[in-house]
Amino acid sequence: MENNIHILADVQSKTIGKGTSVWQYSVILPGAIIGNSCNINCHVFIENDVLIGDDVTIKSGVQIWDGVSIGNKVMIGPNVTFTNDRIPVSKNKEYKNEKTVINDSVSIGANSTILCGIEIGAKTLIGAGSVLTKNTLPYTVWYGNPAEHRGYITEESCLLTLELIDKQTGEEYYLVGFKPVRKND
């Protein structure tokens with residue numbers, strides 16, 4: 001399985017996994033590591049100290065700065081903004097690059113901002129337009145500015161209230177570790 005790298009993309013990294021597509025006007029710097037079967041849309045910028053897992057989709061207009069680590073099966077919506085410095089100052093020689101970890105199966109909605117130095121738990125859903133400023137537990141739903149914990153999400157992507165009730169069916173769930181499980185199962 002070959003890569004599909006558009007002729008108008010500037011891909012400097014030699015570490016691009018099999019079956020990954022990179023679309024026009026995207027820039028990937030030499031130190032970036034990108035997994036298999038990823039889809040990197042047009043107008044994406046990926047810096048050097050970036051690790052991207054397998055089966056990741058990155059929509060248009062996203063910039064991924066040094067210090068961001070992205071797990072497998074992650075969806076990053078259009079124009080999501082990552083940061084890597086909590087106190088940005090032009091030409092700052094004391095710059096501190098803070099690491100950001102996005103675990104497996106996370107979905108980040110369009111136009112969200114993700115502050116640096118946080119960890120997003122597996123299967124977390126971040127609603128469109130949110131500003132995430134703190135760590136999230138796995139299987140949680142966050143949205144708003146600043147984003148707040150608003151509910152849970154199941155392995156099958158059913159949305160639950162904070163009381164662990166399915167918003168569509170009314171079924172009740174409980175947590176096993178961090179994972180919501182239907183009460184009748």
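Predicted model: local features only at pLDDT ≥ 70, side-chain atom pairs only at ≥ 80, totals over all residues.
## Ties, strands and buried spots

Asp 49 is partly exposed, with a relative accessible area of 36%. Residues are numbered from 1 along each chain as its sequence is written, and side-chain values use heavy atoms, with hydrogens and water left out.

**The chain as a whole**

Let's step back and look at the overall build. The protein chain has 24 strands and zero helices. Both kinds of element are DSSP runs numbered from the N terminus: helices are H or I with at least four residues, and strands are E with at least two. Along its principal axes, the C-alpha trace spans about 50 × 45 × 25 Å. Buried residues make up 41% of the 185 residues. The chain exposes about 9,700 Å², and carbon and sulfur atoms supply 52% of that area. Such areas come from the Shrake-Rupley method with a 1.4 Å probe; for residues, only the protein chains shown count as cover.

**How the strands pair**

Strands of a sheet pair through backbone hydrogen bonds, either parallel or antiparallel. Here, two strands count as paired if DSSP finds at least two bridges between them. An open sheet of five strands runs in the order S5-S8-S11-S14-S17, with parallel pairing. At its edges are strand S5 (33–34) and strand S17 (119–120), each of which pairs on one side only. Inside this sheet, three bridges join the parallel strands S11 (residues 68–70) and S14 (residues 100–102).

With strand S18 (residues 125–126), S20 pairs in the parallel sense over two bridges, and Leu 125 has Val 141 in S20 as its bridge partner. With strand S21 (residues 147–153), S20 runs antiparallel, joined by five bridges. S20 and S21 form a hairpin with two residues between them, and Thr 140 stands opposite Tyr 152 in S21.

**Salt bridges**

Let's return to Asp 49. A salt bridge is a side-chain nitrogen of Lys or Arg within 4 Å of a carboxyl oxygen of Asp or Glu, and the whole structure holds five of them. In one of these, Asp 49 joins Lys 99, with the closest N and O atoms 2.6 Å apart. Asp 49 is in the loop between strand S7 (45–46) and strand S8 (51–52), while Lys 99 is in the loop between S13 and S14, so the pair ties together parts that are 50 residues apart in sequence.

Another salt bridge links Glu 98 to Arg 86, where the closest N and O atoms are 3.2 Å apart. Glu 98 and Arg 86 both lie in the loop between S13 and S14, so this pair ties together parts that are twelve residues apart in sequence. Arg 182 and Glu 171 also form a salt bridge, with their closest N and O atoms 3.5 Å apart.

| Residue | Relative accessible area | Class |
|---|---|---|
| Glu 98 | 17% | buried |
| Arg 86 | 43% | partly exposed |
| Arg 182 | 27% | partly exposed |
| Glu 171 | 27% | partly exposed |

**Two buried loop residues**

Val 80 lies in the loop between strand S12 (75–76) and strand S13 (81–82). At 0% relative accessibility, Val 80 counts as buried. Not counting residues up to four places away in sequence, Val 80 touches several others, including Val 62, Ile 108 and Ile 114; contact means heavy atoms within 4.5 Å.

Ser 130 sits in the loop between S18 and strand S19 (131–132). At 1% relative accessibility, Ser 130 also counts as buried. Leaving out residues up to four places away in sequence, the residues Ser 130 touches include Trp 142, Tyr 143 and Gly 144.

How values were computed. Buried < 20%, exposed > 50% of the residue type's maximum accessible area, 1.4 Å probe, protein only.
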